Amino acid sequence: ITKEKKSTITESTVDSMTFVTNKTLDEWKDLKEWGKKYLYLTLKEESSLDMAIKIYTHGRIPTERQFKEIVRIYNSLISKGYA
């Protein structure tokens, strides 16, 4: 008998989801372009930002971990001067 692991939605998860979905498609595209222009993004980070963009273009919803990674990347680029 295997027990199914239930995932719990934490407040920080909801905050991440809300933050990401409250930004517009253009805001995510601009952030990605800025990060690429100044060589601040790794390929993995670009891929994560693509997930934020795909919420709007393909209706795909990132996982809990991906939402948190998107927020981390956003905060990192803000600290490097993105405005």
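Author: Of the 16 residues in the largest nonpolar core, those that touch the most other members are Val20, Trp28, Leu31, Leu49, Ile70 and Leu77. A nonpolar core is here a set of buried Ala, Val, Leu, Ile, Met, Phe, Trp, Tyr and Cys residues joined through side-chain atoms within 4.5 Å. Two or more residues are given to this core by each of α2, α3 and α4, and the largest share, six residues, comes from α4. In soluble globular proteins, nonpolar side chains tend to be buried together.

The model is a predicted one, in which local features need pLDDT of at least 70 and side-chain atom pairs count only at pLDDT 80 or more, while totals for chains, interfaces and linings use all residues. Residues are numbered from 1 along each chain as its sequence is written, and side-chain values use heavy atoms, with hydrogens and water left out.

Helices (H or I, at least four residues) and strands (E, at least two) are DSSP runs, numbered from the N terminus. Buried residues make up 33% of the 83 residues; buried means under 20% relative accessible area, exposed over 50%, and partly exposed in between, with a 1.4 Å probe and protein chains only.

After α4 comes Gly81, with a positive phi near 115°.

Apart from its neighbours within four places in sequence, Leu77 is in contact (heavy atoms within 4.5 Å) with Leu31, Trp34, Gly35, Tyr40, Leu41, Leu49 and Tyr82. For the chain, residues 24 or more positions apart account for 68% of the contacts with a separation of 6 or more. Met17 is found in helix α1 and counts as partly exposed because its relative accessibility is 28%.

Helix α3 also gives residues to the core. The buried residues of α3 are Glu45, Glu46, Ser48, Leu49, Ala52, Ile53 and Ile55, and what covers them includes α1, α2 and α4.

In the loop between α2 and α3 lies Leu39, which counts as exposed because its relative accessibility is 75%. The phi of Leu39 is positive, near 60°, in a residue other than glycine.

On a 1 Å grid over the protein atoms alone, a cavity is a set of points where a 1.4 Å probe fits but cannot get out, and lining residues have an atom within 4 Å of a point. Grid points are joined across faces, edges and corners, and a volume is the space filled by probe spheres set on the points. The largest cavity has a volume of about 30 Å³ and is lined by Tyr40, Leu41, Glu45, Ile73, Ser76, Leu77 and Lys80. The largest share of that lining, three residues, comes from α4.

Notes. 1 Å grid on protein atoms, 1.4 Å probe; cavity = no way out; pocket = protein on both sides within 12 Å on 5 of 7 lines; lining within 4 Å.
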